Structure formats: structure tokens, C-alpha cells
There are 4 protein chains.
Amino acid sequence: MQTTYRLLIDCPDQVGLVAAVSQFLAQHNAAIVEASHHTDIATQRFFMRHEICADSVNLDHQTFSHAFDDMAKQYQMRWKLSDSQHKPRIALLASKESHCLVDLLHRWHTGELHCDIACVIANHPQMRQFADWYEVPFYHIDFQQQGKVSAFAEIEQLIDSHKVDLTVLARFMQILPNHLCEKLAGHIINIHHSFLPSFAGARPYQQAYDRGVKLIGATCHYVTADLDEGPIIEQSVKRISHSDNPADMVRKGKDCEVTALAHGVRYHLQDRVIIHRNKTVVFA
Amino acid sequence: MQTTYRLLIDCPDQVGLVAAVSQFLAQHNAAIVEASHHTDIATQRFFMRHEICADSVNLDHQTFSHAFDDMAKQYQMRWKLSDSQHKPRIALLASKESHCLVDLLHRWHTGELHCDIACVIANHPQMRQFADWYEVPFYHIDFQQQGKVSAFAEIEQLIDSHKVDLTVLARFMQILPNHLCEKLAGHIINIHHSFLPSFAGARPYQQAYDRGVKLIGATCHYVTADLDEGPIIEQSVKRISHSDNPADMVRKGKDCEVTALAHGVRYHLQDRVIIHRNKTVVFA
Amino acid sequence: MQTTYRLLIDCPDQVGLVAAVSQFLAQHNAAIVEASHHTDIATQRFFMRHEICADSVNLDHQTFSHAFDDMAKQYQMRWKLSDSQHKPRIALLASKESHCLVDLLHRWHTGELHCDIACVIANHPQMRQFADWYEVPFYHIDFQQQGKVSAFAEIEQLIDSHKVDLTVLARFMQILPNHLCEKLAGHIINIHHSFLPSFAGARPYQQAYDRGVKLIGATCHYVTADLDEGPIIEQSVKRISHSDNPADMVRKGKDCEVTALAHGVRYHLQDRVIIHRNKTVVFA
Amino acid sequence: MQTTYRLLIDCPDQVGLVAAVSQFLAQHNAAIVEASHHTDIATQRFFMRHEICADSVNLDHQTFSHAFDDMAKQYQMRWKLSDSQHKPRIALLASKESHCLVDLLHRWHTGELHCDIACVIANHPQMRQFADWYEVPFYHIDFQQQGKVSAFAEIEQLIDSHKVDLTVLARFMQILPNHLCEKLAGHIINIHHSFLPSFAGARPYQQAYDRGVKLIGATCHYVTADLDEGPIIEQSVKRISHSDNPADMVRKGKDCEVTALAHGVRYHLQDRVIIHRNKTVVFA
């Protein structure tokens, strides 16, 4: 796969933005592989993503980056220039349920997810053997024995020491303390097992069963201090009927969870997501 | 199309129910075209639907019906025996938006929905011409001029005088008074423009836009006194993205509304729905 | 709705294309509402669509157009600049089945499809009354009486005299002569009632039933001389089961046909489709 | 999970079939957990599946089975009575691609698929380590070294010696010899990476790319001597666009393959599928 640079920008909207950026790119001979824009009319904000062929650019990454910064300031751009060769480091947080963990590890192992799995952290020991097989460090944090405060302190320390870029809650059933949500803001993704905002909170499949809905779903979102209220990246649904009991719904819902989470993580890793207030722009 | 009888049953569960009913049917030479059962384990209730070839039965509808009643009592059955030739009479209640109304009238006109359209009642005059074209009585009720109480009294009187079997709120944007909800219970269907329970109440597309969901939907449900809380018959969803503004969502959502409502009405007309507490069994 | 210009371009790929175009746009103060690009790596071809706010441009449409032409030549661009105020003229060709016709007329009537319906042409008379209601000229061409050659000559003459921009075969069940396909190339859309390339040709639902597929579908495509082989714009599918007979499949398939055709026509009318060889780029 | 008996029947249609069977069941006190019927009108054949609570039956499996046989003969029934406790033995045949294999092993390991994995047989060695982890026997058959005839002889011998009930081709890219297809008929399932009948044969994603379809899919079917022509159990599709190259389609298609195969295998294991001519009745 060819190396690309990904240029992610958002800034106040004005005429000439695309021209300024694309002129800059052309000036440095950058061949555009993919380009996407979006203007949020209501908030007058502009969003842009370019994927450019690294080999075509006549500057190295750092010089290119410095050069761009001058223009960025002029337009009050928030921006990021990443190299597709770079592998973000992921921490996977799990509980007993294995489907999301197994799926993400497989997609990583086969190269579909371009990242390093820094570690797996779980509040149950069952997944150790599985992580071992993939030769990924596994940490069992015993919430019951050490208590919530101490447990999260240890998790935070692990995330720090492993230089984690992205934390993924792969059906990790513990509510994170606010300070950790804030510290990791924009770099922590959760999968919730309902189509939010329906059935936030505990036991969403039971809630769905009780309400008698005809579709169940899953929601991949960034974690914020407001439980299940963060910016949504991806959602997936599946048809059910009266003949599905809560156990059937759990089973069927897993396929939604797995695909919504895999998509969400992939979009994030490929720098396809820009968070804007409590929503996301996803250049899928 | 051959004439069929539809036998709809629900009762406390016990061994031998299917045997008793199918033996009764076989005894009267009834050829089964379609049969569906469901047991709700949690509430120990049994649900059954048979569609049988009317010609094959060696009794007329009424005698057959009387004969069945004896068995029904023995098993504490709630039941209904309907003739597929019978056309239920529908009142369509609408407002300004025409998509659901146009769709239902077309499906009725082409024979897809087996019913009579008794009348169209609207709180805006725009649809008159359309109803005229289909030669369906049209009543314009002016809510602003006559006030809500008087308006609903007139609607109730129209539903009564037209001997309406099923009232369909085809994007009728007025909240019905409780007594009317109760009077028509089980015989009044609404389409809500969100995947309930998300975004109940007013302006669901704006709510969906504000929350930043990646799927929008529509919900067809029986109307109860609790707004948007009645038993759900059918739901439909559609993928959206950050580039869809509320107007796009309204446009895209219409296709969900149209299909969810059409399916829901069809299931009801074909006696495929049994309401149980606040949920439905739909033998689709 | 604000007036926009839509600039559609395709040309051999090279570095600087986006810069050249966006610089041109910025130079004339054009505010970009929406922009999409695509590079076909295999054929080294570049595709681009801009939607720009007409009011923001400091030139009138014609002068702007002339100015652009100079650059276009330099890059060997095929291009088109259209005005969103312009209403393309559509001829709807139909047969007995009304669902696609009714749907398109309704979407046109409610403003969802921005176009003029120049005429409805049908080889059966049934739809006349419906066209009349919408005050659209209706022509019944009797294929049996006048023969195929004469019938198509009349159709061609009607398309010409009505200055038709886009011909839509809304379940028109006659095979067009090659010369007409070629004459209307890129300006004639068909809906085929299967997910092509499966079940091309006659009676696709029966073919689908015989094969025992678990999904049926519909395909909206540009018409070419090779029957059902033209560039695909949109496809839609629906789940079926063993309990669906061919008549059920016809009924269920209609919803696929209606939505696939409506989407396809909409994309075309909004200049979102570029035909490239036997495929389409659709900036949806 | 409670133990159930599954009674699968198909026979020529006639009045009284349901009565006879359900009377038989009631007579032996069998509590019906789930029941499904289907009549194929065209071929006048009747299909039925009952799932009954084993504990409720007043006979053991064998006596019950003998008793039923008398009635079965009378109605020319093909039938099968299976015990939900029984675990069918599966052989998984794979090649280099791991996604289907990994998914099925995970679903088996977590108890979602109720079966024993008798062995994994592959024509590439890569998956050995993975099978080892699950403690499943792994056999590498080197087609290049030993030749096709010898390789398939060894596979056949492995299937025999492992007493395999169901052979699953989990992206096994070799064409089976006719005699093996016939020997395993009804007990061998394949996943084909297109929505059949589109794109049968080799490189379906490339074919799909070349044709420019807007949906890709996967088909789970029973294997017959006619390549990709066997009875279809399940199909799954996913939307794509012009921006997806064949590699994207391969990646996106994998999710379709995984879910279609998992569903198909599950239906088979739960005795939900009856093959009738070249189609299936699936009581999903």
C-alpha cells in the first residue's frame, strides 16, 4: 500500500478555503488520492480531509507541516497532518463478553485495522489466553478486590505507560470517572448496545424487549462524561420480531455491535472523523 | 384470489392447544393455507393465526363460527374469525403532508390494500382535489376556526357515521383526546417520524439532527392515550450522514414513513397483528 | 432554496486539477456549497462536482461559462455547468403498472424532483386519467395496432417535439430500437425489476422465485443498446423467504423499484452522475 | 437451556396433516415451543417444523420416534426427529483467508453454534496455530504437492474418520469432485462471495467491480455438483459506491460472507432448513 498523508482541517467558513489549500498542495506537487469537504451551514464551519500521495510531495513531512502551519494560522484552522505509515497505539478495555475483542484483534491481525494493540485491559481474567495467543500484553484489573478508584488509577497508569493513542471500550461494562473521560476526550471510543438515544444506560436489550421495538441496534460513539451522550460515529440496526426473547436479541445484537465498533475504530484510525460540538463529521 | 377465513386466537398457554384447534379444523375439512404460532414464555400466553381456504370448509362462516365458540370458551380464548372477502372501512386522517396519504390511496386503488376508504379527514384543505380524483369523500375540519374540542367531536361523529373499522393517522399532526384514543383502541394506527422510543414528541427530525444520529427512522404503532407510547407494529430506518441537514432528513425520512405505515396497515387489514399488553405479535 | 451552479468535470488525472478549478472558483468569489472528487486509479481519470452559490459569483452564468472554457481545454476536460433553477424536461414512458409513474409524479408535484414533466407516453390507456389529474399531456401509443416500428417512430417524434431532456422508462415493457438508445444515450433511464446482473430479461421475479434467492431487488440504469447492460446508477434490495410466491415478490419488489428509480432520477436531475465507460460515478 | 426435540417433516399436502401431527404430539403430552408450517402451492408439498419440550413428552426419544414412524408412513412423510442436546460434528475446510474460519470458531467457542468442531482441513498451513489455540485437530493438505485427486481422497478419508455430520467450506477455494458433492449432499455448505446468481465462478468482487454494481453480497448455499448452483440458504448484501476499488469490496464483502455463513450454518444446525428440489425452506 502506498504511503499517504492525511490532512484534516476544520475552521470558520469563508470563500477561497478550498482554493488556498489545494493551491498549497499543488505548489508542493501533492497528488490528491481522496478529498472530502463539508460545510455546516448552521454554525458556518468548514471541514476538509485530503489524502495525498506522500511520494508525490516535494517536501518531507516535517517541512511540509511547518509550511502549512503559516496558512493554517491565517484561516484559524484546527488541523492535523498524519502519515498513513504511523500506527496509532490502541488499548482495548474489555469485560467478560468476547465478541468485540475477538473481532478487533482479528481485524488488526489481518491488517484491516492499521494500528498497534498496546494492551488489553479487562476486569475479568477470561480473555488472557486469547490475548496471549495474539502476543498482546494482558492486564486483569480486579475491580471487586481493589475498588473502583484504585482500579481506574491503575488503568490510567497503564494507558499512560503504554503511550496509548486510542482507548477502545470493547464492551467494558464499567463507568469511567469524569476526569478520565476528559483526559482522553476525542481519543476514547465506546460501543453501546442500543441505537442511541433509545435505551441508554443499563440492560438495553431488556429495555428494547420490554418496549417491543421491531429493530435493535448498536451505537459507536466517543466517550464523554455524560454517559451514552457522546458524539456518535456509527450506528447499526437489525430487524427482530415478537419471537425474539432478550437472549435472542443479545445474540443478534452482537453482530450490530461488532460491525458498528469496527467501522467506528477504522474511521478514527484513518483520520476520517472530526468532532464538532457533540456531533461528528465522518468522511467515510 | 381465493377466499380465506382468518382465525386469530390468543389464550393462556397449555399443552394440546394446537391439537385442539387443528383437529377442529380437520374435522370440518379446512385446508390450512398458512399457520403461525407464538408462545410468550414470560407471560405464559399462546398466540395463533390460521388462514384457511373457505371453499374447503364444510360449514358456512356463521355455523363454523358458532361451532368454534364452544371450544374457545373451554380454553379461555380471545378469538376472531374473519372473511378475506370482507373489506374493512378505513378513515384516513391527514394534515398538509401528502406522502403517506398518496401512498395509501395508491395501494388501495391498485388492490394491494384490501379495504374501503370510507373517507379522508384533514385539518387542511389541500388534499381535497386528490381525494376527489379517487372519488373518496373528503372532510376539511378547521381546527383553528372551530377549536380543538369541537373539531374532534366532528371527527368522532364522522368516524361513527362512516362506520369506520380502522382509523389511520397518515401524518395527522393533532394530538387526539384521551377518550377518543380509548374508544378506538386497537383500531387506530399512527405513523411517527422517528424510530421510537428515540425522539418522541414534536419535530423528531430536528431532534435527530441535533443529536447527530447516523440513522433516522419511522415507527408505525397503535395509538394509546400515552403519546407515541402505544404498541409498535413496524419500524423502518435509513442511513444518513453529517451532510444531511434537517430538510434532507425530512425528505429521506418520508420513504421510511411511507413503507412502515403501509406495512403496518397491511398487517392489520390481514389480521396479522395481535396486541398483547403494550406490544404486538405480528405474524408477517 | 438558493440558486446554485453545478459544475461537473471529468478529465485525465494530473496534479493540480483541484487547485486549478478551486482557484478559478475563488477568483470569481464562488462560495462552494458542496464539492466531491474521485480518481479512478485504473483508468487514470479524474471526476469532480462542485455546487456553488450562484449569488456569490461575480460573473453571470454565460460569462462564467466562457471563462471556464479556456481552462477546460487546457486540461482536456469534459464539463457541464448547470443552473439549479433550470428544470429539465422529462418524458415518462409507462405501461400498465402504475407504481413508478405515480411515485415520480408525486415527487415531482411536491417539489422533491426539480423538473418539468413534459409528457407521459404509455402503450396502455389506463394511466390517462391520472396524468390528466396532474395536468400532464398523456399519449397512448397502441403498439398492437400500429406495430412496433411506427409506434417507436411516434414516440421519438413526441420526445423531439416536447424538447425532452430526460426519458424515464417507468416500467415501460417494450424494448427500444438501437438507434433510439443511441440517440438518447446518457439521457434515458430505466428501472429493471431485479438486482442486475441477476435475472436480466423477461419475468425477473419468476426467475428469482425459480432460483430460490433470499433477496430480491431493482436496478436503475442508463439504457444502452445492450438490454439491461447499461451503466447502473442505483440498486435496492429486500429480504424475502420461502413463503413468498411470485405474486408476493412482485408486490414487495415494487417498493424496491420505486425507491431505486426515484433515487436514480434525482441523482441525474441534480447532475450527480457521470458516466464513465459502462459504469457511473454518483456523487450522492 | 432446556432440551428440545425438533421434528422436521415434509410430505405431499393434504387436509388434516397439522391435525394428525399435533394430535400425536398432544397425545404424548408434548409442549410445543415453536411451530412453523409452509405449503408449496406449485408442487403441492407440505413442510413442517416443531420444536417441543423434551421433558414434557411422556416417552423417551426412541419410543417416541418409533411411534411417530407409523403415522409418517401413512402420509408418505420424509421426517427427522433430533435432540437439541446432540452436537453435530463439523469439519471446516479453509484456505488462506481466515475471516470465516475465525468467526465460526468464535461462535462455536462461545456456545452460539451448538456443535463439535471435528477438525479444520486447509490447503494452506497458516491457520494451524489458530486451530491449535482452540484445541481443534488441524490437517494441512498440500494440493500442489500431492495433486488434486490424492488431496481430495485424503479429505474424504478425514471426513469419514472424524464421523463428520456437516462439512463447511469456509472460503475453501478448491472445486470439489462430483462424487464428493453427491456423497455429502445436504450435509455440505459453502459461502460464495457474491449475491448469486450474479458473479458465479472465480473472482466475484472483480466481476462486480467491472460491472459497476452498487451492492455487493455473499451467498450461503448447499454444495451440489453444479458449481454455485446449489440451494441457497441465506444471502447478505452491502452498499458500495464508485469510490470502492476491488480491494475495498473484498474488505467490505467479508462482513457479508461472515454473517451469511454464520446464519446458514446456524439454521442447519438447528434443523431449520428443508431442501426441496433446488430451493430451501428456512424456518428462521
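The model is predicted.

Start with chain A. On one side, 15 residues of domain 1 of chain A take part, and they meet ten residues of domain 2 of chain A.

How much area is buried between domain 1 and domain 2 of chain A? The figure is about 990 Å², and carbon and sulfur atoms give 52% of it. Within domain 1 of chain A, three residues lose the most area to domain 2: A:Arg6, A:Leu8 and A:Phe47. Together they make up 42% of what that side buries.

Next come the polar links. Four salt bridges cross the interface of domain 1 and domain 2 of chain A. A:Arg272 and A:Glu51 form a salt bridge, with their closest N and O atoms 4.0 Å apart. Across the interface of the two domains of chain A there are also nine residue pairs in polar contact, both residues at pLDDT 80 or more.

The largest share, five residues, comes from S3(A). By class, the side of domain 1 of chain A that touches domain 2 has eight charged residues, four nonpolar and three polar.

Now turn to chains D and B. Here 15 residues of chain D are in contact with 15 residues of chain B. The area buried between chain D and chain B is about 1,200 Å². Carbon and sulfur atoms give 65% of that area.

How many salt bridges are counted between chain D and chain B? The count is zero. For polar contacts, the count between chain D and chain B is one residue pair, with both residues at pLDDT 80 or more. On the side of chain D that touches chain B, helix H1 (17-27) and strand S2 (32-40) of chain D each supply at least two residues. The residues on that side of chain D divide into nine nonpolar and six polar, with no charged residues.

Conventions
Residues numbered from 1 in each chain as written. Chains lettered and ligands numbered in written order. Predicted model: local features only at pLDDT ≥ 70, side-chain atom pairs only at ≥ 80, totals over all residues. Heavy atoms only, no water. Contact = heavy atoms within 4.5 Å. Buried area = accessible area lost by both parts, 1.4 Å probe. Salt bridge = Lys/Arg side-chain N within 4 Å of Asp/Glu carboxyl O. Polar contact = N/O pair within 3.5 Å; in protein donor to acceptor, adjacent residues only side chain to side chain. Helix = DSSP H or I, 4+ residues; strand = E, 2+ residues; numbered from the N terminus. Nonpolar A, V, L, I, M, F, W, Y, C, P; charged D, E, K, R; others polar.
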